[in-house]
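User: I am new to reading protein models. Please take me through one, feature by feature.

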There are 2 protein chains.
Amino acid sequence: MKSITTLLIFLLSGFLTRAQERPNIILFLVDDMGWQDTSLPFGAEKTELNRRYHTPNMERLAKEGVKFTNAYATPVCTPTRVSLMTGMNAAHHRITNWTHIQKNTPTDMDDEFFGQAAWNYNGFTPQKGIPNTIHATALPQILKDNGYFTIHVGKAHWGPMGTPASNPHNLGFMVNVAGNAIGHPQSFKGEENYGNMPGRSTFHAVQDLSEYYGTETFLTEALTLEALKAIETPIKNKQPFFLNLAHYAVHIPLQEDARFYKKYLDAGLQGEEAKYASMIEGMDKSLGDIMDYLIRLKVDHNTVVIFMTDTGGLSLAPPRGGEPHTHNLPLRAGKGSVYEGGIRVPLIVKWPKVARPGSTAEQYVIAEDFFPTILEMAGVKGPKTVQAVDGKSFVPTMKDPRYRDESRALIWHFPNKWQPDGPGINYKSAIRKGEWKLIHHMRRNKLELFNLKNDLGEQKDLASQNPSKVKELSQALSSQLRKWDAPMPVIKSTGERVKFSDQDQ
Amino acid sequence: MKSITTLLIFLLSGFLTRAQERPNIILFLVDDMGWQDTSLPFGAEKTELNRRYHTPNMERLAKEGVKFTNAYATPVCTPTRVSLMTGMNAAHHRITNWTHIQKNTPTDMDDEFFGQAAWNYNGFTPQKGIPNTIHATALPQILKDNGYFTIHVGKAHWGPMGTPASNPHNLGFMVNVAGNAIGHPQSFKGEENYGNMPGRSTFHAVQDLSEYYGTETFLTEALTLEALKAIETPIKNKQPFFLNLAHYAVHIPLQEDARFYKKYLDAGLQGEEAKYASMIEGMDKSLGDIMDYLIRLKVDHNTVVIFMTDTGGLSLAPPRGGEPHTHNLPLRAGKGSVYEGGIRVPLIVKWPKVARPGSTAEQYVIAEDFFPTILEMAGVKGPKTVQAVDGKSFVPTMKDPRYRDESRALIWHFPNKWQPDGPGINYKSAIRKGEWKLIHHMRRNKLELFNLKNDLGEQKDLASQNPSKVKELSQALSSQLRKWDAPMPVIKSTGERVKFSDQDQ
């Protein structure tokens, strides 16, 4: 009899433990928001931009979690989003540029000298056999298979219409609100039905939100309300959930969030920049609303909240106001660039009872690291995946923010033409190891070397002074890209592929 | 120690019993499909129409369940859909006509003599305080609160854009695919992106299906595939589910389902009628695919499947081919009418281990009965609802198809103008009790009496021969409508409300 009792206690506690211990996980992903677009300083000191933007809830989250000052995405959005879902580096999944809403439609601009690299312009796929895609096992699928309630709200943008990845259900999300193949909304305004206007709708009209049509509900707010509704059920059922709340903000079109716009006009910001600042604060309010709701439903103590953005801040002007390539200062350049302004992003992670509140971590991490990190947080061990995972869990850093690994190399690869050339924009690769960063300019087979510790703004090229470091990093970069069979552009005049950085052209 | 063991066994068995015993429930709802649009005869004998249409899976379902030969909906779609969700009669919830996609937009046609009845043209709402709506507790909300995984796929049409009911999540559905405020799709064709075509999209473009854009996937098939995906998770998790699979088929626009079209052309059907027949068979294939999937996932023995349609078959021509008001023969008239052709619908219910396979029930049942029936099937007792429920569970009929209750009265109420007048169409009420049916024509305050047992086609008005029955039914009808404060049209010349059938005008 005693053994039966023991068995029953064991079984019963198994039910309860599983339900109670595994944390809920919220990935709060912002679009095109830069490292400086916040009142929370991620650099050594508070900057002019930190004073411009108001993000009290990011500050609040940082007080409750770990602020990562060296977190990275990729220069444009789809590659980051696919890395988050697959744990693969962009050079490895080969979706190096953003994907078009239509199938078989590379998004590269035409170039005089370079032809298109053989990248996976049909995006990610959870199914085999679709040309020009990467087939991989998606993070939410694994979480769902391990008992998580999985929810996607907002921008998806993992692949074009007519392919499985345009439907978040196919990635293992049980609930989808407003996610498909689009990379930006037609409109953020409820008054414009988010673009759903007979005769004027484009493919970018946001779906699923007809409840808010004709109201003053800004898209950021509508998505927040839908996210709160969606997590209520698993919370009530005591089932752990994974929420991928991927805001369309602060991507273009820049439109004023009326709840905050006047404040920035009054502060002297003009035109597009006042709109942009209002979108930032609207996004921040969403974060606060989510945090408040977790407290109200008494699950804040067991919910991981990860704040991240998918790429550096847009710094083309127009559409931004002001001087181009200055919107992420002291970082150089912006979205589309492999300079820090295009890839370094705000990251804050709250993991109650594990990570020390209010701490700061300087260890560098990158988008593909989220896959193993989130699975480790969820207690999923040895998941079966189609792909080899490149990312590295940053749980050690969460547990001890002083943790350092300077031996690791991060790689960025952008063999594409996104917009007209600009600083660090188009046909570039880069590698960071420790405090050193090497950039390979494919157009001229030129190498630049920067020391990020002394020169965060990447102003002083040390390549000629430090040929051994250049050689070391160039070989490491090329060797890894070669291993991944990373796509490279083609030289139009010869028809040959551009060579990796360690080869003569 | 023994008492602890007992307690643990009790707790543990509680977990297991709840998970195992409660059936999954699928409500397979077809739009605008009539009583004769099937190869499964619901009448006494196989008709010409039964020979025209091919619905092998409806036949198969009937062999495994109970065929109801006297099942009723309302003359148009929204009233039935709201009755299904609330358990209320249409005269009680006061959504007597279909709801517009836009708020505050009654859909009644203009009439020379009658002004608009004060019906709830803003539809159903799960929240308080919205003018011209019915506030009630929705069926899926109760099921969700009782541990069911709740899924909506397809047409919703419970209320207009800008109101909560345009979002199935607000009714307690955890998953929504393609449901909002629209009552029909812009297009059934994947090649036309279900209407999502830049510059040409209307509000009727179907949302959430971008995965199938540009493919030959007919809408019926796309919804089926999404429904199968959605039920996979609760099945794997051994959580009971409720699936509301509400097909847009066979509502207009009539478009050929290419998988079956040629077959009907070859059989000699022409134009719209061949298209219609192909849409019927496409819908039937969906039913078969669902049934096959349940077998494949080994839950067919524990899944209730309810086949139902939301109104009688459309019998206006055009858009149908052939003679108007003949498409439901031997029943009189069609959609929009309170004659049997407009309200009598196919109903088949499979409830494994409870209902005897292959049986036929003649007990009359109506849309609002589904609410208490489904809750009883799900084991939900005494649910709290905002509304008083009018429906009556037909579980007794499921358990014994010979069960009869002739004392019950069913009521239809249509104080609206749907289309130009036709047989039984516009400004009518009706009551059925036993074999007798009384119709109140509001225009002329005329009463018709039919004996459905002898005169299914409602050809022989017995009112003058049987004044006592007329009086009895008229009083029962009026008394109930008065109790519900049912909306009535207004006489334009006097400004007064049309009187109920038991009052002199």
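**Reading the helix, the core and the interface**

Analyst: Start with helix α4 (residues 77-86) of chain B, which is mostly covered: 10 of its 10 residues are buried. Buried means under 20% relative accessible area, exposed means over 50%, and partly exposed is in between (1.4 Å probe, protein chains only). Helices (H or I, at least four residues) and strands (E, at least two) are DSSP runs, numbered from the N terminus. This is a predicted model: local features need pLDDT of at least 70, side-chain atom pairs count only at pLDDT 80 or more, and totals for chains, interfaces and linings use all residues. Residues are numbered from 1 along each chain as its sequence is written, chains are lettered from A and ligands numbered from 1 in the order in which they are written, and side-chain values use heavy atoms, with hydrogens and water left out.

User: Which residues of α4(B) are buried?

Analyst: Among them are B:Cys77, B:Arg81, B:Leu84 and B:Met85. After α4(B) comes B:Gly87, with a positive phi near 75°.

User: Where does A:Asn89 lie?

Analyst: A:Asn89 sits in the loop between α4 (77-86) and α5 (90-93) of chain A. A:Asn89 is buried, at a relative accessible area of 2%. Contact means heavy atoms within 4.5 Å. Leaving aside neighbours within four places in sequence, A:Asn89 is in contact with A:Ser83, A:Glu368, A:Asp390, A:Ile411 and A:Trp484.

User: How do I read a nonpolar core?

Analyst: It is a set of buried Ala, Val, Leu, Ile, Met, Phe, Trp, Tyr and Cys residues joined through side-chain atoms within 4.5 Å. The largest one here has 132 residues. B:Phe307 is one of the six that touch the most other members, including A:Leu209 and B:Leu243. Beyond four places in sequence, the contacts of B:Phe307 include B:Phe28, B:Met283 and B:Pro346.

User: How many residues does each chain give to the contact?

Analyst: Chain A gives 40 residues and chain B gives 41. Buried area is the accessible area (1.4 Å probe) that two parts lose on being put together, summed over both. Here it is about 3600 Å², with 58% from carbon and sulfur atoms. α1 (2-21), β7 (175-177) and α7 (219-236) of chain A each supply at least two residues of the side that touches chain B. The largest share, 7 residues, comes from α1(A).

User: How are the two chains related?
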